[in-house]
Each structure stands twice: as C-alpha cells, then as structure tokens.
Amino acid sequence: MFGSGILDTVIGLIFVFLLVSMLVTISNELIAAALGARAKYLKLGLERLLGTDWARAMFAHPLIGGAQALSAKHPAGGYVPSYIASRSFANVLMALLHDSAGSVRQVRRTLQAVITGAVDSGATVETLKSQVAAALPNINRLVLAHSHAALAEAITRDLASLGERLKTPYTVADAQADIQRLIDGMQTRYLREMIEGLPDLRMRDALLALFEDAQNDVEKFKENIEIWFNNSMDRISGWYKRRSQRAVVILAVIAAVGVNVDAILIVKHLQANSGAREALVAQAKVFADKAPSMVDPTAVDPARPSIASGDNYKGTIVFSAPAAAEGEVKLASDIAGVKVTPSTAKVQPGDTGVAFEVETVLSDTPAIATISAKGAAEGAFRLEVRQSLSAQFTGVQNSLKDLGLPIGWVARGSPAQEKNGQVIPRTFNDGLDRMQQHLIGWLITALAATLGAPFWFDMLNRIISIRSTGKAPEEKPKSPKEVSTPVEPGQTPREADRAAARRD
C-alpha cells in the first residue's frame, strides 16, 4: 500500500509515546501511593461533603474502613481508603442516619431481645404479650428522652398500634412475625423523621432535598445519594488531576531524558530501517489487544475494590439476605493465589455480613477473585488483583529496551550508538553536545507523555485499524436499503430502485 512505510513509522512512534506515558503514569502513582495522595483527597472531599464528624464515622464503619488494602496505611495515621463505591457510601450513610437516632436503635434492640427471649423460653402468646407490655414503659422513656417530637410521636403511635394488635387472638408465630416486621421496617419507616432530627443543618437540608426528590421512595433516595456522591467524587478527581499534572510534566521530562527517548531520532531510525518498522508494528499490534485497564494503572472500577498483587486486604461480604438462624458460613476464593481468612465464620440471626481477610500471592497475572460465603447465609465479594506498580514499572522499562530502537544510555557504545548520542557523557562538554543533539526530540517526547497513556492507546488502535482495513475506524457499512442503485440514462433514482426491487 502506498505510504505504508510512513504509516508504520507513525504506529511505531505512537507505540513509543504510549510506553513512555505508561512509565510516567506509573511513576506518578508510585509517588502518590507513597504519600497517600488519593486517600488524602478522598478524605478532604468527604469532609467537605459531609462534615468532619460524619466523614470520620464513615471511615470507621466496617463497610468502608474495613474494606481496604492492609498495606495502604495513611501517612497521617490509621487506614483511609483511596476510593469508595457509591453503593457502599449510600448504605453506610443510611446506617449512620439510623444510628444518629438513638431511640430507634434502642427500640429495635429492646424488641429484638423480647423476641429472642420468647424463642429461647418457648413462650406462649400470653407470655409474649406480657414481655412486650413490660418492655413498653422502658421503650417509651427511651423515645421521649432521645427523640425529637416528630420521631417520638411516630414511634409511640406504632408501639401503641402493636399493643392493640397483640390483644387480639394471635399465634406465637404471628405475634413474633408482627413484631419482627416492625423492627425490620424501623430503619426506613421513620426516615423523614430521622433526617429532620439531624442537628447538622447542612446535612439535614441536603438529605431532605434528596428524600423529597425521591418522593419518599427509599430505593430512589439511595440512588439520589449515589448520584450526589458520584458528582462530588468527580470534583475531587478534578482537584487531584489538576494538582498531579505538574508532577506529570516534571516526570515526563525526567523520563524522556533519563531513558533517552528522542522522538526525532526514532523517526529517522524507523524511516531508514524497514525491518525495525515491521518488528515494531508487530509488537504494537500485540500490545493493542490488551485491555485499557492494563494500560492505565489508575483505571479502577469503583464498584469493584482493587489491590496490587502481593498485598493483603480486609473487607466485608454483605449477605444477599440477613441470616435467618444461627449457623456457620464457609468462605472461599475461586483463585488459588488468593487465600481467605477465616475459612469458616459463625453468624447470628439478623447478621447482614461477615468480615474477612485475604492474602494474595505476588503474581504478574491480573485476575478477578470472587470471595464467596455459603451456608447459613450467602453472599459474594469481587476483588480485582492487579499487577503491582513496581512490577508494571519494570515491565514497561523492559518493553522499551526490547524495541530495538536507539533508546537508552550505555557506558561504552558501538559507533552507531556513538553517532546516535546514546553514550553517557563523560565531560561537561559531552553533556552539552548531547543536550544540543537531543533537546528538541526530548521535549517532543515529554510533551507527548503528558497527554497520558489512555490517549496514546486509543490513538494506536485507531491507526492500526486504518492500516489493517484501509477504512476509517468510525465508518460503518451502510445497510442494503441505504446503498444507492446505479441509475440508467433517463432514470430517476427512485425509478432505478423500483426496477432493482422487481429484479430481486
């Protein structure tokens, strides 16, 4: 194909830019991980979103603070995750909202103790009624002492209604089920009252607006919380990217000079060596088949926790339904390189999850591990085990060395390496010569690296698509009805289409 040599040169240059960009990105992530930068920005963002007290409670909750890589210790002390899934945020915020209403929590516990005691003692309906009646004065005191007027009124009304129902003919099972339904529904039944009782005016106004937009639908309210959280996380990501861009520019210059990647020299080498072009294009094609997540180490699915291979992790499996009875669950991983502890856990009625820890084996192969719980309750947790940043850095370095291009520095070189300026300068004048020889090429490479690996990965796929098919990657074939029919002399396009249809 005419111009294929130029196209191959472009592919080769883009591939080099991609590898250098990956080197810069990984270096930036290594520095960010050492400084805990992502965790710091997440903590700052949540404090601005929720306030210091609520943010602290959020991080302390097992679903958030318990789901993290054990090696990711925050420099300021303690463990702070670098990301939070929006669904986990919504669930924990609902739990914190419920906990903020101490009376609701106390009423639930008191009524649950009544049911548990009745089951253990084999109580009759009359005994169950008397136990509820005995508990009601204490419950009423708790409600009046710890609730604002609207919440106290709602709880008192429901408890009075429960007392009236218990006066009617009941079986023990029906009575227990009725009380259990009241307990289970408390977290959502009094949601508006709990929000209105929040002392933090900013949180109260924000959550009330989201609740009213959901038109009192609890699931829609959770979705609104997720959207609110995701919008805030987008702003936090913008802060982080703007702050890290300066570091990326500096690292790009260091990478271009440190690895000696002169874009102009590479273009001249590829134009003069068809064998080098073909070999580089073949390597680029293989690399282009990789998933984008392999190219960008920062590409983390927020709905799926992710750790580096060789790290340990602790998290919580949320059951698909609360445990109905006391029993055991078995925890296991579907990947041999991910060991789960404990292997067996005991659950109590009403438990909604179980904590676990995993130990991963250092590996160069990324994987998605499913941690499952089966037995008295069931659930699953998916964990992405990525190649460690240090291993990725070494891999990219080796890939650059294996390209067969005039890249890198040597202590003693061949005449060709001397000519290409790859020999480490021994004197100040040698350094000035190398600077004069490579400066423009280094700057081009550094500028290209600041565009990021995802940009060059997408560009590489587009150019390879053009080279392979000769068709623009966005072009789509027309359907048969849209393909025009050849027009005979004197025919209109419509007459030609009708004639073609008759022939068919």
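Predicted model: local features only at pLDDT ≥ 70, side-chain atom pairs only at ≥ 80, totals over all residues.
Helix α1 covers residues 4-35 and helix α13 covers residues 263-272. Their axes come within 10 Å and cross at roughly 145 degrees, and the crossing of α1 past α13 is right-handed. On the α1 side the contact is made by T9, G12, L13, V16 and F17; on the α13 side A263, I266, V267, L270 and Q271 take part. Sorted by class, the residues of this contact are seven nonpolar and three polar, with no charged residue.

The second pair is formed by helix α11, residues 201-213, and helix α12, residues 218-258. Here the axes lie 8 Å apart at an angle of about 125 degrees. The crossing of α11 past α12 is right-handed. From α11, residues M203, A206, L207, L210, F211 and D213 meet K220, F221, N224, I225 and W228 of α12. This contact holds eight nonpolar residues, one polar residue and two charged residues.

The sheet is open and has five strands, in the order β2-β9-β8-β4-β6, with mixed pairing. Strands β2 (306-308) and β6 (344-347) are at the edges with a single partner strand each, so one side of each has no neighbour in the sheet. On average, neighbouring strands are turned by 30 degrees against each other, direction ignored. E328 has K346 in β6 as its bridge partner.

Note on methods: Residues numbered from 1 in each chain as written. Heavy atoms only, no water. Pairing = 2+ DSSP bridges. Helix = DSSP H or I, 4+ residues; strand = E, 2+ residues; numbered from the N terminus. Axes fitted to C-alpha atoms, helices over the stretch in contact; angles between N-to-C directions. Left-handed = near helix turned anticlockwise from the far one by under 90°. Contact = heavy atoms within 4.5 Å. Nonpolar A, V, L, I, M, F, W, Y, C, P; charged D, E, K, R; others polar.
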